[in-house]
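Trainee: Could we go through this model together? I'd like to understand a few spots in it.

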Amino acid sequence: MPKKNTKSTVYKCTECGYTQPRWLGRCPQCGEWNTLEEAILDPNSNAAAFGSAATEKVKPVPLSQVSAQENSRFETGIAEFDRVLGGGAMKRSAILIGGEPGIGKSTLMIQACSAIHEITKGKILYVSGEESAGQIKGRADRLGLNTTGIEILCTMRLEDIKDALTALNPVFVIIDSIQTVYSVEAGIVPGTINQLKFCANELIGWVKERDSVLIMSAHITKEGTIAGPKSLEHMVDTVVSFERNDDEVRFLRAIKNRFGSVDELGIFAMSEKGLEGVGDPSTMFITKRNGQIPSGIANSCVFEGSRAFLVEIQALTVPAKASISRVYSEKIDSNRVARVAAVLEKKTRLKFSDQDLYINVAGGVKLTESAIDAALAAALYSARTDIPLCSGNILLGELSLAGEIRPVSRLKQRIKTARDLGFTQIYAPEKEDGAQKVSTVAEMVKALFAK
């Protein structure tokens, strides 16, 4: 019996794609010389998924000879979106956007499609597995968007999406949403972990070989994490979380970004024209009041990425309803609140251990940096004693367990931002122009509440 040929190596023409089992000096199909290169037959490769089972054989190259990618970003036309992405969308990258239903993911993406076509003049493919073409067109018309150059594909089959990608070769691809996409090779039920991984891997493999950008929207669980659970986050280059407060304000924040910082915060306001970026949020989270401010209110200045804005911290203390006191805080870590209250109790002898503590941040923004410790301590002390702070106060500094108020980064910029907005009562751990120095929490309490 003749031996079965199991050889998986072929020679593929780099000009026309013709393949044959032996090397030839001239391609029989296109007639070009020295264009046949060694390739492998891999039925599981991304190239095979898009119509060609023969892929070029990958060989290592010296890293010193690799040229760095330049001009590899293009702007999306939405400044706040570009800020979160690190200056624009990186070519050959996959972006995952997660957010609760109705928050505005589809609105943001159709706006980005329209703006990107105006900039690049390239083809845009919008794949919808949840809405009809008429619904998407109606939204675009309500927002007054130019839909020229946007191709709409309403399907849930991965094979249909592959055919459209091969035919159009778009510069920008939207998958809304990835949980609705399924492939017959991974089953017929959308949304399973196998389906998510298989379909996302095929789409990511396509975009990695072209100067395109892939954006996939994703559902989230009740806990606020991307459904799957989180099975796609390691596969994509950027993970963006879309959040909102009780008002019409939306927050866009990068959880993972291979091409930029994860500290930037994009702020949007929902209006009749869709999502509009808030360029200057300096006073957006400060409540305007006439006369004396209530007790339990203190202000601070925080940095989110490259910009500073003021925030208002609100505190309320009430006698504990049970034998153990509790901390209710969503916008500031409850462990931080408990730690600051313990330091206050130790250094000022004001008891907090028998109180329930309620903490809120005006505007609904989440605060994580340590520069808010001084303002949090002042708000707690004011709420516990029912003594309001003077209007126009700004408190900056990190609180140590020893009761010290420690310096924070970019202190001069924070003080300048507060002064430019008319705040005169500024307390900081270092002597700066326009600020009063306070070194300990006891010294800060004395300066604020001595009167």
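**A loop, some cysteines and a helix pair**

Mentor: Let's start with methionine 284, which sits in the loop between strand E15 (274-277) and strand E16 (297-304); strands (E, at least two residues) and helices (H or I, at least four) are DSSP runs numbered from the N terminus. This is a predicted model, where local features need pLDDT of at least 70, side-chain atom pairs count only at pLDDT 80 or more, and totals for chains, interfaces and linings use all residues. Residues are numbered from 1 along each chain as its sequence is written, and side-chain values use heavy atoms, leaving out hydrogens and water.

Trainee: Is methionine 284 buried or exposed, or in between?

Mentor: Buried means under 20% relative accessible area, exposed over 50%, and partly exposed in between (1.4 Å probe, protein chains only). Methionine 284 has 30%, so the label is partly exposed.

Trainee: Which residues is methionine 284 in contact with, leaving aside neighbours within four places in sequence?

Mentor: Contact means heavy atoms within 4.5 Å. On that basis, the partners of methionine 284 are Val249, Ile267 and Val278.

Trainee: How many disulfides are there?

Mentor: You need a pair of cysteine sulfur atoms within 2.5 Å. For cysteine 30, the nearest cysteine sulfur belongs to cysteine 27 and is 3.6 Å away, so cysteine 30 is in no disulfide. The count by this rule is 0.

Trainee: At what angle do the axes of helix H7 and helix H10 cross?

Mentor: Axes are lines fitted to C-alpha atoms, for helices over the stretch in contact, with angles from 0 to 180 degrees between N-to-C directions. The axes of H7 (residues 334-348) and H10 (residues 441-449) come within 9 Å, and they cross at roughly 80 degrees.
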